[in-house]
Amino acid sequence: MAKGSYHQALQASEKAQSVTANIGDLSNEVAVNHAQILLKLGDYQAAQLMLAKVDPNQISKSQERVRLHYYVALANCYLQAGKFKLAIHTALSQLENSYNTRFLEEQAQLQFRWRVLTASKKSINWRIVI
């Protein structure tokens, strides 16, 4: 995925899912990674379905990096689905968590999503006023 070979990454992720099924944290991490790949390919609906397989109670106990990647992917799904309020809420709630400060790239992604969403919201409000 890091090299931009998303179709190859998708195939590898599908294999990893079959191997890591029902292994708790590892299966959650693979599901989140799979959702990220699907988002890169533009299939936010399939990514949402993949993220729905992740138990929120388990993800809250997962490693900080996995948990943050889950919420970044979730915010991206909401954004692509046009659910701007949910995307803003998801991004802001994670930006407020102190554990995220260790993951600067992910924090930057959340800040970017939040800025895009707030700018879009202002633009929409401005057009409605006119």
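**Entry 1: terms.** A helix here is a DSSP run of H or I with at least four residues, and helices are numbered from the N terminus. I am working from a predicted model.

**Entry 2: α2 on its own.** I started with helix α2, residues 25-40. With 16 residues at 1.5 Å each, α2 should span 22 Å, and I find its end C-alpha atoms 23 Å apart, which agrees. Next I looked up which residues of α2 are buried. They are S27, N28, V30, A31, V32, H34, A35, Q36, I37, L38 and L39. Just past the end of α2, G42 has a positive phi of about 85°.

**Entry 3: α2 against α3.** How do α2 and α3 (residues 44-52) pack? Their axes lie 8 Å apart, at an angle of about 170°. Angles over 145 degrees count as roughly antiparallel, so α2 is roughly antiparallel to α3. From α2, I noted A31, V32, H34, A35, L38 and L39 meeting Y44, A46, A47, M50 and L51 of α3. I sorted the residues of this contact into ten nonpolar, one polar and no charged. The α2 residues in the contact also turn up among the buried ones I listed for that helix.

**Entry 4: α5 against α6.** I then moved on to helix α5 (residues 64-81) and helix α6 (residues 84-95), whose axes come within 7 Å and cross at roughly 160°. That makes α5 roughly antiparallel to α6, and I noted the crossing as left-handed. On the α5 side, the contact uses L68, Y71, L74, A75, Y78 and L79; on the α6 side, F84, L86, A87, T90 and Q94. My tally for this contact is nine nonpolar residues, two polar and no charged.

Terms used:
Residues numbered from 1 in each chain as written. Predicted model: local features only at pLDDT ≥ 70, side-chain atom pairs only at ≥ 80, totals over all residues. Heavy atoms only, no water. Axes fitted to C-alpha atoms, helices over the stretch in contact; angles between N-to-C directions. Helix = DSSP H or I, 4+ residues; strand = E, 2+ residues; numbered from the N terminus. Parallel < 35°, antiparallel > 145°, perpendicular 65-115°, else oblique. Contact = heavy atoms within 4.5 Å. Nonpolar A, V, L, I, M, F, W, Y, C, P; charged D, E, K, R; others polar. Left-handed = near helix turned anticlockwise from the far one by under 90°. Expected span 1.5 Å × (residues − 1). Buried < 20%, exposed > 50% of the residue type's maximum accessible area, 1.4 Å probe, protein only.
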